[in-house]
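I opened the structure to look up a few items: a contact list, the domain layout, a strand and the ligand shell. My notes follow in that order.

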Amino acid sequence: MTTTTTTPGTPAPGTGSGGAVLDASGVTMRFGGLTAVRDVNLDVHAGEIVGLIGPNGAGKTTFFNCLTGLYIPTEGTVRYRGTVLPHRSHLVTQAGIARTFQNIRLFANMTVLENVLVGRHTRTHEGLFSALVRGPRFRRAERESEERAMDLLRFTGLETKREHLARNLPYGEQRKLEIARALASEPGLLLLDEPTAGMTAVETTATRELVLAIRAQGTAVLVIEHDMRFIFNLCDRVAVLVRGEKLVEGTPETVQRDERVVAAYLGTPFEGEPGQAEAAEVQAAEEAEAAAHRDTAGGADAHPPDPADRRQEGRTD
Ligand SMILES: Nc1ncnc2c1ncn2[C@@H]1O[C@H](COP(=O)(O)OP(=O)(O)OP(=O)(O)O)[C@@H](O)[C@H]1O
């Protein structure tokens, strides 16, 4: 069920998102009884690099999945450049949002170049007929795609590996290739899910440089990462999710200074902790149920035959 009030594909009323590339509003995602993401608002503006952090299980990937059409949010709306996004990942990519995944998802038995070419499919418009007859229009489009893919391989430093099978690349280069493939769809916003996971310090520094270069080319970036140093050195703004709710959002300095963020990571209880109101509600309901049970039990035992009374009643003297 979705409470989205605007039809996907329709522009936001008025200016709506105020120039934001991404405008996620009131996003909630429930899995049965579990609320993985609760009423999260987040926007990303052109030229920004925004970080999304939070302890394990905070809902970061679920939120990404809601942005990219993998999940249909239970509630809330996601807009890209003021237009409500459809709930289909290929249409979201076509609209202008590309992503990478926490676990690398390359075509392992395809070459590096082929992987990037696959990423271009949302930007090629040649029909099946044109592809079958391999007419001049098709060949021109194919050449252009290959040129663009080679540009991306140069951009990511993979040009000498174009004919290598993706599965034979070292781990750091597989991550780069994922980014190159995502960029092949010419996104206005790139979502990176833990891009430095498992990387060496040198590879992490190279990834930081790559993300800065991506921004310099005009693509905004939203990045999930557990490496705090990477996030605080890279991002213009950071949002912190805790138990599915946005706890804090601000500059890296603001977020680093916020004691609640440290407490959330350490698992220390703190005032206003997300989920606290829900936990209090559950506790109150449990207490009320226990009290009701006591009353019922008390009612049944209201006049128990006290053995002492019985003994007294039994006296004849
Ligand atoms: N498809 C699903 N069905 C049921 N529960 C899910 C599903 N996906 C995620 N969850 C639950 O939602 C919560 C948030 O998970 P999510 O993976 O979004 O967190 P995360 O912040 O990305 O965690 P991590 O940093 O460990 O990757 C977790 O409790 C998780 O078990």
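For the contact list I take two residues as in contact if their C-beta atoms, placed from the backbone, lie within 7 Å. I note at the start that this is a predicted model.

Entry: I104. I looked up which residues I104 is in contact with, leaving aside its neighbours within four places in sequence. I found Q174, R175 and E178. I placed I104 in the loop between β6 (97-99) and α3 (112-119).

Entry: domains. I read the domain assignment of the protein chain, which gives domain 1 as 20-96 + 188-268 and domain 2 as 107-186. How far apart do the C-alpha centres of domain 1 and domain 2 lie? I have 26 Å for that. For the contacts across the two, I note 10 residues of domain 1 against 10 residues of domain 2. On the domain 1 side, the elements that give two or more residues are α2 (89-95) and α7 (201-216). I sorted the residues of that side into 5 nonpolar, 4 polar and 1 charged.

Entry: β3. I checked burial along strand β3 (residues 49-53) and found 5 of the 5 residues buried, so the strand is largely enclosed by the rest of the structure. I then looked at the directions: I49, G51 and I53 point one way from β3, while V50 and L52 point the other way. Which strands are joined to β3 by bridges? I find β8 (residues 220-224), parallel to β3 and joined by 4 bridges, and β9 (residues 237-242), also parallel with 4 bridges. In β8, L222 stands opposite V50. In β9, I53 has V240 as its bridge partner.

Entry: ligand shell. I listed the residues around the ligand: F31, L34, A36, G54, N56, G57, A58, G59, K60, T61 and T62. The elements that give two or more residues to this shell are β2 (34-45) and α1 (60-67). Which element gives the most to the shell? I have α1, with 3 residues. By class I noted 4 nonpolar, 6 polar and 1 charged in the shell.

Key:
Residues are numbered from 1 along each chain as its sequence is written. This is a predicted model: local features need pLDDT of at least 70, side-chain atom pairs count only at pLDDT 80 or more; totals for chains, interfaces and linings use all residues. A residue is near a molecule or strand if its C-beta atom, placed from the backbone, lies within 6 Å of it. Ala, Val, Leu, Ile, Met, Phe, Trp, Tyr, Cys and Pro count as nonpolar, Asp, Glu, Lys and Arg as charged, and the others, Gly among them, as polar. Domain bounds come from an automatic or database domain assignment. A residue is buried if 20 or more other C-beta atoms lie within 10 Å of its own, exposed if 12 or fewer, and partly exposed in between; C-beta atoms are placed from the backbone. Two strands pair if DSSP finds at least two bridges between them.
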